[in-house]
Amino acid sequence: MSPQQEQPQPRPPEHAGAADPHGGRDGHGGQAGGSGGDRGHGRAGGPGLGRRGFLGVCAGATVLGTAVAACDHAADRRAPRSADSTRPEAERDRPGARDWRIASPGPPDAVAGYTDRVSVAPGQECGLHVSTTASSFRVSAFRVGWYGGACARLVWRSEPVRGRRRPAARVLAATRTARADWPRTLTLGTRGWPEGAYLLRLDADDGHQRYVPLVVRSTHGAGRTVLLHAPATWQAYNRWGGHSLYAGPTGAYGTRSLAVSFDRPYDADGAEKFLVYEWAAVVLAERLGIPLAYTTGPDVHHDPGVLRGATAVVCLGHDEYWTPEQRRSVAEARDSGTNVAFLGANTCFRRVRLEDGGTGDGRTVVCYKSAYRTDPCYPSRPTQVTTDFRQAPAADPESSLTGVLYEGYPVDAPYVVHAAGHWLHEGTGARPGESFAHLVGVEYDRVTPGAPTPGPLEITAHSPLVCAGARSHSDSAYYTVPGGAGVFATGTMRWVEALLAGTGELGRDHGMDARTRAFVTRTTENLLRAFAEGPAARHRPAPRPNTRELYGRA
């Protein structure tokens, strides 16, 4: 960790869509990189701590197309049909709509909106707040799923609604929090909407469009695989109104928000983080026909009941910002026998608080990061101070949950299979040492000897890389706990993106190809099917501990 990182660490250029020389993205879409920002171009460990110092502290139909066809031999293992038509498994074979994608986003103020709830229970109402330069607009509610390869279904469409242009962002000076605070434009009733992930598409009468994401959450997850969406992370990177948790209007880290609000639209197309890091995994899970439930990190924070009796919890491609309550609930579910999958990297890295503001409870995500000494909870409530989980004043490295530790970025490296015979890789044809170009990126995790890690743990992929001039590895890892749960972490942020590799769906796939897509798809299918059967330690081979073999010490 360089001294420069004592001024906490910015996102690299690969995270910044506008600065990307290839015109694409690594899914981060947008925080400007720089030398003095939030994360620095390098390896993590916390402000002023290198690895040794830290360890001392610790003592279209083409979407998924080819890959889906390659594994359809196993698609008949479907969960029993539910009589409840709002259950996700009732949706799998319904006809979809192929016109759900945005054709023309237009300028940022053409049309934009937000809901006054991150999620709703089935049948619950929520408000939609919209600003547009058009004379009218309509709302099209698309539920994401398999739908025969269409990948979404139109569930509801509004009548034309009068358009009005609303004021620019209001910025709260104390925390530099940008809020829209627009009046409610219309009320959405969700009666009859199946549980799941939704894209509300705002269709302005001048042809411009933008998404508003919404989750119709499940109230019960017993016997189901719970897909855990990450709106707190979406919001952390959201630059609408000029402020995110990474930068202010000038791009400087020092003018970043200390708290961000859900009472504003998302930037770009309105759902970039969901589309890059979550959408393809949702489509794949629904195609498999396993019993599913849907929720979000803020919902688990407020009420973890959906995790009770769940067969698995799946954290998707980029889920960085967690409250201590959310983390505790997921850990308790794991210890009770619920399997956990981490399909990205940098998971559970930041400790945040949810506070009231704007339209309701928990609408503000607070994270002071390196300025934690100015957090009102410091020093009286150390476990609520908002900084990295691994940092003082209440250090609790994420590896005690994930098995791996976030180390750094930016990186672009091949993914190297180590345990080719592991049940996760069944049917992939992968051999020991086989590599998949560009699959490790743009951020990565590794098994770090000396960091708190549950056991027994097996490293299934061990991928050499160079980050900020230093040689290291990215690791995929699998461990089990006495309650029977299995936990798998991919160790790379490109895992969910790789489900689309070679399709052109996201505009850029970092050079990953159809071979990589097939490998990642089959491995993910094996993972989801096994975890849907209940505690993995009871029906899959035990991990073969190999940290000492690969790193010389455990």
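Helices (H or I, at least four residues) and strands (E, at least two) are taken as DSSP runs and numbered from the N terminus. The model examined here is predicted.

The largest cavity has a volume of about 160 Å³. Its lining comprises 19 residues, of which Thr-115, Arg-117, Val-118, Pro-213 and Tyr-266 lie closest to the cavity centre. Four elements each contribute at least two residues to this lining: strand E2 (111–115), strand E11 (196–204), strand E12 (209–216) and helix H3 (231–237). The largest share is supplied by E12, with 4 residues. Divided by class, the lining of the largest cavity contains 13 nonpolar, 3 polar and 3 charged residues.

For the second largest cavity, a volume of about 90 Å³ was computed. The residues lining this cavity are Pro-213, Trp-234, Tyr-237, Asn-238, Tyr-266, Asp-267, Gly-270, Ala-271, Glu-272, Lys-273 and Phe-274. Two or more of the lining residues come from H3 and from helix H4 (272–277). The greatest contribution to the lining of the second largest cavity is that of H4, which provides 3 residues. By class, this lining is made up of 6 nonpolar, 2 polar and 3 charged residues.

The two linings can be set side by side. Pro-213 and Tyr-266 are among the residues closest to the centre of the largest cavity, and Pro-213 and Tyr-266 also line the second largest cavity.

Notes:
Residues are numbered from 1 along each chain as its sequence is written. This is a predicted model: local features need pLDDT of at least 70, side-chain atom pairs count only at pLDDT 80 or more; totals for chains, interfaces and linings use all residues. Side-chain values use heavy atoms; hydrogens and water are left out. On a 1 Å grid over the protein atoms alone, a cavity is a set of points where a 1.4 Å probe fits but cannot get out, and a pocket is an open set with protein on both sides within 12 Å along at least five of seven lines; lining residues have an atom within 4 Å of a point. Grid points are joined across faces, edges and corners, and a volume is the space filled by probe spheres set on the points. Ala, Val, Leu, Ile, Met, Phe, Trp, Tyr, Cys and Pro count as nonpolar, Asp, Glu, Lys and Arg as charged, and the others, Gly among them, as polar.
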